[in-house]
Amino acid sequence: MTLRNLKLENFRNIKKRIFEFDSLVNVIIGPNASGKTNILESIFLLSTGKSFKAKIEEEMINYDASLARVEGKLEFEGNREIGSGGNLDKPNVSSFRQANSLEVVLTRGEIDIGGDKFEKAPRKKLLVNDISKRLVDFAGNLKTVLFGPWDMDLVTQSPALRRKFLDNVLSQVDREYRRSILSYEKGLKQRNRLLLRIREEGLSRSQLLFWDRLLIKNGDYISRKREEFVDFANKLEIGSNFNDFKLEYDKSAISEARLEQYAQEEIAAATTLVGPHRDDIIFKAKNSNQKERDLSRFGSRGEQRMAVLWLKLSEFCFIEMISGDKPLFLLDDIFSELDHEHRKIIFDLLGRKGNYANFSLGQSIITTADDHYIGGFASFLMIKL
Ligand SMILES: Nc1ncnc2c1ncn2[C@@H]1O[C@H](COP(=O)(O)OP(=O)(O)OP(=O)(O)O)[C@@H](O)[C@H]1O
Ligand SMILES: [Mg+2]
């Protein structure tokens, strides 16, 4: 799958522009504040239906506009079997071409229809081939792996970020996971509200039963899938630089028995104390004596960053394994964050060189403000801002 082109209209600082992409390496180069991260944000929006940085979606609309539009054209090459891993170099002879268009339209709740008149409009519209879709059906059509400077602290930052990471990976390849997460989060809010009323108003605990069942059912699915990803990452072999990393799934299981066990504490705290919203994943590395250490506490900065890169590559391979499609690899300005050795690993991965000759990324879009890094790429399409 290739993102052939991207059309932006009033998306943040970009008034109107069309970008054409190569099916392998694309480098977007431009000075600070020229809109590089914004472009990747718009691609991520096409992929997930959400922003990775906006608190309020309206932020993405250009200051002077009432409507923003992001449009992408996808191209599929080769009739690859699902789960076969796929290979862009050797498209199947009976290959088909099927262009798909994805579109996101954002408004501030109304649009200017001229003559100082305004008309009510949905704040966000998601379209596949010009047909309006719900978020669960829009997300995942374009699969992406995003890696930016903000990911560098994934090992050490709060568990919420690591759960968000897991949700993003699994949501891209699993519609049932997308549905389960939405349902679980809604249910959790309702259950917490009830717990508060039980504490404050003496409401009967039997009221919880419906929400208990809903959380157990969806929670079960969520933790099973999270476990699958962790197992996959632990078995994956990418190259000697990454062999010593491991993830440990710190699961907060949810069941009738566990909810019963925490019943009194939950009422006192007016919050649900067990379930996947309390999950975490712990990064570990094997020492030469095969003992494992927790990288958040006993890892060097460089090791922690390598572990994050390993996690992103695991995400890439997982999405490819499940969907048969290589996700689009988005790298935002990470070269300045990395030392020489780590930069070389990225260049080798992108150029399928050295240790990583067997590891093949598909299409990637890389941004940088500094043109002295681009010497590291073997061949690429340059896009100037
Ligand atoms: N809604 C908006 N309307 C207009 N401009 C916006 C909007 N939101 C953000 N911007 C501007 O977009 C500019 C570019 O942002 P962006 O983060 O994409 O730059 P960048 O090229 O990634 O820069 P850097 O190299 O520093 O990371 C910023 O100056 C920001 O003020
Ligand atoms: Mg940026």
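Visitor: Why is F210 called exposed?

Guide: Exposed means over 50% relative accessible area, buried under 20% and partly exposed in between, with a 1.4 Å probe and protein chains only; F210 has 53% relative accessibility, so F210 counts as exposed. This is a predicted model, in which local features need pLDDT of at least 70 and side-chain atom pairs pLDDT 80 or more, while totals for chains, interfaces and linings use all residues. Side-chain values use heavy atoms, without hydrogens and water, residues are numbered from 1 along each chain as its sequence is written, and chains are lettered from A and ligands numbered from 1 in the order in which they are written.

Visitor: What makes the pair of F210 and W211 edge-to-face?

Guide: Rings of Phe, Tyr and Trp (its six-membered ring) pair if their centres lie within 6.5 Å, and planes under 30 degrees apart count as stacked, over 60 as edge-to-face and the rest as tilted. The ring centres of F210 and W211 are 4.9 Å apart and their planes stand at 85°, so this pair is edge-to-face.

Visitor: Why is the pair of F245 and W310 called tilted?

Guide: With centres 5.8 Å apart, the rings of F245 and W310 have their planes at 35°, so the pair is tilted. The two residues are 65 residues apart, F245 in strand β11 and W310 in helix α9.

Visitor: Are F245 and W310 buried or exposed?

Guide: F245 counts as buried because its relative accessibility is 9%, and W310, with a relative accessible area of 1%, is buried.

Conventions. Helix = DSSP H or I, 4+ residues; strand = E, 2+ residues; numbered from the N terminus.
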